[in-house]
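Okay, quick one today. Let me put the model up, and then I'll talk you through a cavity and a helix pair.

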Amino acid sequence: MDLDHTAEEDVFRAEARAWLAAHVPAAPLPSLETEEGFAAHKEWEARLHSDRWSVVSWPKEYGGRGADIFKWLIFEEEYYAAGAPGRVSQNGINLLAPTLFDHATDEQRARVLPSMASGEVVWAQAWSEPEAGSDLASLRSTAVRTEGGWLLSGQKTWSSRASFADRAFGIFRTEQGTAKPHQGLTYLMFDLSAHGVTVRPIGRLDGKPAFAELFLDRVFVPDADVIGEPGAGWKVAMSTAGNERGLTLRSPGRFLAAAGRLTDLWRARADPGDTALRDRVADAVIGARAYRLFTYGNASRFAAGASIGAESSLNKVFWSDYDIALHETALDLLGADAELAQSEWAEGYVFSLAGPIYAGTNEIQRDIIAERLLGLPKGRR
Amino acid sequence: MRFLLDDEQRDFARSLDAMLTAADTPSVVRAWAAGDHGPGRELWSKLADAGVFALAVPEAYEGVGPGGPLPVELAVAFVELGRHAVPGPVVETVAAAVLLAGAPPLAKEWLPRIAAGEALVSMADATQARAPYALDADAADGVLVLLPTASPCALRLAPPGHGPLHPSADPARRLFRPLDGGEEVTVAAGAVGAARDWAAFLTAAQALGTGEALLAQTVAYVKQRTQFGAAIGSFQAVKHRLADTLTGLEFARPLLYGAALSMAPGDIAAAKVTAGEAAYAAARTALQLHGAVGYTEELDLSLWLRKARPLRDAWGRPSECRARVLAA
Ligand SMILES: Cc1cc2nc3c(=O)[nH]c(=O)nc-3n(C[C@H](O)[C@H](O)[C@H](O)COP(=O)(O)OP(=O)(O)OC[C@H]3O[C@@H](n4cnc5c(N)ncnc54)[C@H](O)[C@@H]3O)c2cc1C
């Protein structure tokens, strides 16, 4: 058991650190949940990509560096420590790309991945529907067979960044009246600018159009954009969900950097006699450290050939609850300034509040932990 | 990087687990609580045979550590001791071994006996504002008192004997004030702090094992207890509480092993507070989900339930640990 990095990893870290020091924008970019910020972030992604830092863990042929999981973690630590911008491409990179690596054809990978890596095409996830949230398999949007492809109809909602994104991936019902709701679903990709698509931005709690509703009226999708077998979309989708809750969506680097900034804030602002607040700052530091080490343990298991399982639900519950506590502590440290909507902490706070809701609510994750990791009997769902 | 126990370390845990299961620790604990140390000392020598105490003792003194103690293996062992609620000053004995290794004449006298399981050593912290208690001084062969840094000596070996018993919330933890007088000893600067860190580290491991045992017993119970025509473990309120218990323990574990790799005071403090809180939360959950039967002394569960709170507070209360994390 060790936490040692190899000489090669140290070289990689130094290279990443130097590049980031030279390129991270001096002033923070505008929020990526606004039109202006979205454009600025796309430019940043192109910059990252030009020196092959946008998708370090991908194979070289798609714009990556073929970095293993430990190097990926190192890169993420450096990325957030350098104060680099949030990633506008994250849904594509973290959710669609792993699905493509596992289930797509070579042609699909060659067509989709390079423009995702460069940020030229930004992807949105179109899974949720007004009547299908936690019970995702009850979704009703359909894909109906047509000459050379499929016609999509129905409504999707809560699609992050779809207000400004270019393309979307989602699951659609291709067979009615199957024995189980999970059957007869198909996973496919479509253009948000295609004929028949209406995108209606939805303002989140702070008013920013961070997600959108999609209305689909006989939108044509060619066969080439079906991922995996028609009818087997649930299986394809669930491999993505594991990635989402598992480590790719929230690398420890992000929380280590945030806990560091929180500690600085505490040293600068706090009343040294306020031990209750001090304890919460300490908990934020400890939580980031726990998450980092937990992730190293998982990474060690993956490196030894294990695959991500229900443990990813432990991850998800932990980081989402942690993120809120961290931000609440920062707001308490800020005192009267906490109410100002424009600070980095305020933006982070609003974002953190959604953590226990998206990527499968924490109630659903706790069911998974209890049933799959503790072996408790299935209850009524 | 391989932040995982290796096969040998996992086998060590499994063999200790099997040995302790066979030893029927609940009856050993009950005897210990009643002041009968016979079964406890017998178990102690089995632990020594399995190599537990030798892990803390350098080879020069008949232990197995090449230069010093083996923190990862000791953490593995102490998780198992916690899982089986092993009574006695196990933490204090190992921390004392680490401390005495820096005081050669005492080391020669005590370390081989500690490694062989022949000496139980208790340790009281006189640097504490509150009264320093020596755990199980009535069973110990020696009691070390850690002195405040201002005194010329670092520690004192209390004279044999003990005062009256101060009953603990956990009857298997028998508390005594150390006697006055005895031999004063000077060890290297920082050695006392290190001994305190070691005690905190081992208590964290013991707490983690205690929490694991509480969770396992509760999971087994909620699968078989039925109410309203269903196993209570199928109810969401029950499931979610157990899911949170597991999450708490699973995020304490890497902090413990991270601390074992660095033995840095801040890392140990982080492990101590997290494991202590997770185990205590596990105890609260266990008590609640067992219903009234969990509130009885008869059920063996009580042996672990009553340990969780003292372990959370021994050798570093949560707030002290948090302050230490930020000081690091
Ligand atoms: C910021 C944000 C971004 C999002 N981005 C996307 C995206 O990009 N693409 C996308 O497809 N979706 C996205 N979502 C949607 C998200 O996946 C859903 O909100 C989530 O799955 C929950 O569904 P719901 O909102 O319909 O809540 P519901 O399923 O209606 O649940 C409401 C409440 O009831 C609880 N509940 C429901 N069923 C149970 C049960 N069986 N047991 C216990 N409690 C239960 C839930 O936990 C929740 O607390 C996003 C959501 C947010 C907040």
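**The cavity and a helix pair**

So, the lining of the largest cavity: by class it has eight nonpolar, three polar and four charged residues, where Ala, Val, Leu, Ile, Met, Phe, Trp, Tyr, Cys and Pro count as nonpolar, Asp, Glu, Lys and Arg as charged, and the others, Gly among them, as polar. Bear in mind this is a predicted model: local features need pLDDT of at least 70, side-chain atom pairs count only at pLDDT 80 or more, and totals for chains, interfaces and linings use all residues. Residues are numbered from 1 along each chain as its sequence is written, chains are lettered from A and ligands numbered from 1 in the order in which they are written, and side-chain values use heavy atoms, with hydrogens and water left out.

That cavity has a volume of about 110 Å³, the space filled by probe spheres set on grid points joined across faces, edges and corners. A cavity here is a set of points on a 1 Å grid over the protein atoms alone where a 1.4 Å probe fits but cannot get out, and lining residues have an atom within 4 Å of a point. Of its 15 lining residues, B:Gly88, B:Leu135, B:Arg173, B:Gln206 and B:Leu311 lie nearest the centre. H5(B) gives the most, three residues; helices are DSSP runs (H or I, at least four residues), numbered from the N terminus.

Now H4 (71-83) and H7 (191-224) of chain B: they pack at about 45°, axes 6 Å apart. Axes are lines fitted to C-alpha atoms over the stretch in contact, with angles from 0 to 180 degrees between N-to-C directions. Contact means heavy atoms within 4.5 Å. B:Gln206 of H7(B) is one of the residues making that contact.

Note on methods:
Helices (H or I, at least four residues) and strands (E, at least two) are DSSP runs, numbered from the N terminus. On a 1 Å grid over the protein atoms alone, a cavity is a set of points where a 1.4 Å probe fits but cannot get out, and a pocket is an open set with protein on both sides within 12 Å along at least five of seven lines; lining residues have an atom within 4 Å of a point.
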